[in-house]
There are 2 protein chains.
Amino acid sequence: MRYILASASERREELLRRLGISFEILVSHFDEDLIPFEGDVRKYVETLAFQKANSIRTSFTKDAVIIGSDTVVYAKGTILGKPTSYEDAFSMMSLLAGNHHEVYSGVALILPGEEGVTQFSVCTSVYFSAMTHEEIHSYLKKNEWQDKAGAYGIQGSASLFIEGIQGDYYNVMGLPIQALYTELKNLQML
Amino acid sequence: MRYILASASERREELLRRLGISFEILVSHFDEDLIPFEGDVRKYVETLAFQKANSIRTSFTKDAVIIGSDTVVYAKGTILGKPTSYEDAFSMMSLLAGNHHEVYSGVALILPGEEGVTQFSVCTSVYFSAMTHEEIHSYLKKNEWQDKAGAYGIQGSASLFIEGIQGDYYNVMGLPIQALYTELKNLQML
């Protein structure tokens, strides 16, 4: 079976390697802003995952399983994207500190030939401990907030403030590898 | 402040680095079999953590914070140690598959001078999906079970079968870094 990962994320690549399959990477340049968030987080991440996968579809990919994925941080009714500035990152960390929030990853699988499309999403709750302003600044000065939705990566320094999670850790990193493995098995695509 | 980690575990070393402190490593050769398990898992891991820290105590360490830690996998009333053989590892994975179990890490801090000792422990629940015999063999053939309590490391290939956790992921890896950070702050030892 031929697999294509439609993502430039090194974390997704690293996680997908755990399946023990070989795969190609074709980076999607789909503009996420084209999809408005209308209140249903699962539908939103699954649509983004599908659009990313679909955007790299050509005659060259038609015999392959294309894997698209998107991950969002959802806190107090709002989707937190990548911070646009230090101040924006500070606001996000202030919102997350002392609270729980949810991380959703959507996955879309475009199957070979005419076999269709499968989409699913996985939710993990994350609990941050309270942080002083000094601790937020100290964390932000490490510059890990850049290019990360919600201003943090669970695998980095923010872990000092993560009391716990409920659900799949790798889903927070960007790819729900256990659910993806199960889905590919069920589809007999492994 | 001077810190000493009383552990040979590379995972603990890597996690402790997240505190941004420099520390020395002195490997404890304390024989864990000297401490019998008498039914109280928290007491057991905290005692082991203390004994490891205490075993490297000399006049050379008396101005330092010594950090000892021990992690156990607890499933269905039994503590799972490191497997002694492939067959033993197979039995452990059969016990874990399709069930939840608990991972406890104990941490002991021996404080400088006459400031005493602090101990605590953290529990994380881990949920494994069902595994076929073929999947267990395929997992075991990667040899990741060797030298791992409960025959798995959450950061490895076993992640394909981990549906989710409840609690601190890093506690399962071997050091509850958020709780340790909080404790050191509370003790004004950071």
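Predicted model: local features only at pLDDT ≥ 70, side-chain atom pairs only at ≥ 80, totals over all residues.

Colleague: Which way do strand 1 and strand 3 of chain B pair, and over how many bridges?

Modeller: They're parallel, with four bridges between strand 1 (residues 2–5) and strand 3.

Colleague: And how does strand 3 run against strand 5 of chain B?

Modeller: Antiparallel, and nine bridges join the two, with strand 5 covering residues 100–110. For a pair to look at, B:Ile66 stands opposite B:Ile110 of strand 5.

Colleague: What about strand 4 of chain B, how does that pair with strand 3?

Modeller: Strand 4 (residues 78–80) pairs with strand 3 in the antiparallel sense, over three bridges. There B:Tyr74 has B:Ile79 as its bridge partner. These two strands form a hairpin with two residues between them, and B:Lys76 takes a positive phi near 50° in that hairpin.

Colleague: Is strand 3 of chain B largely enclosed or open, and why?

Modeller: Largely enclosed by the rest of the structure, because ten of its twelve residues (64–75) are buried.

Colleague: OK, zooming out. How many helices and strands does chain A have?

Modeller: Six helices and seven strands. Going along the sequence, the order is β-α-β-α-β-β-α-β-β-α-β-α-α. The radius of gyration of chain A is 17 Å, close to the 16 Å the globule rule gives for 190 residues, so chain A is as compact as a globular protein of that length. Its C-alpha atoms fill a box of roughly 55 × 30 × 25 Å along the principal axes.

Colleague: How much of chain A counts as buried?

Modeller: 40% of its 190 residues. As for the largest nonpolar core, that has 107 residues, and A:Ala53, A:Ile67, B:Ala53, B:Ile66 and B:Ile67 have the most contacts inside it.

Colleague: What does A:Ala53 touch, leaving aside neighbours within four places in sequence?

Modeller: A:Ala6, A:Ile66, A:Ile67, A:Gly68, A:Ala108 and A:Ile110.

Colleague: Switching topic: where is A:Ile136, and is A:Ile136 buried or exposed?

Modeller: A:Ile136 sits in helix 4 of chain A, residues 133–140. It counts as buried because 21 C-beta neighbours lie inside 10 Å, and the cut-off for that is 20 or more. Beyond four places in sequence, the contacts of A:Ile136 include A:Phe90, A:Met93 and A:Ala97.

Colleague: Now the two chains together. How many residues of each are in contact?

Modeller: 19 of chain A with 19 of chain B. On the chain A side, strand 7 (162–167), helix 5 (169–173) and helix 6 (177–186) each supply at least two residues. Strand 7 gives the largest share, six residues. By class, that side has eight nonpolar, eight polar and three charged residues.

Colleague: What does strand 7 of chain A pair with in chain B?

Modeller: With strand 7 of chain B, antiparallel, over three bridges. One pair to find is A:Gly167 with its bridge partner B:Ile165.

Colleague: What rotation superposes chain A on chain B?

Modeller: One of 180°, with 0.0 Å of shift along the axis and an RMSD of 0.0 Å. That is the relation of a two-fold axis. In chain A, A:Gln166 comes closest to the rotation axis, with its C-alpha at 2.2 Å. The copies meet through the same surface, because 100% of the interface residues of chain A are also interface residues in chain B.

Definitions and conventions:
Residues numbered from 1 in each chain as written. Chains lettered and ligands numbered in written order. Contact = placed C-beta atoms within 7 Å. Nonpolar A, V, L, I, M, F, W, Y, C, P; charged D, E, K, R; others polar. Pairing = 2+ DSSP bridges. Core = buried A, V, L, I, M, F, W, Y, C linked by C-beta atoms within 7 Å. Least-squares fit on C-alpha atoms with pLDDT ≥ 70 in both. Rg over C-alpha atoms; globule rule 2.2 N^0.38 Å.
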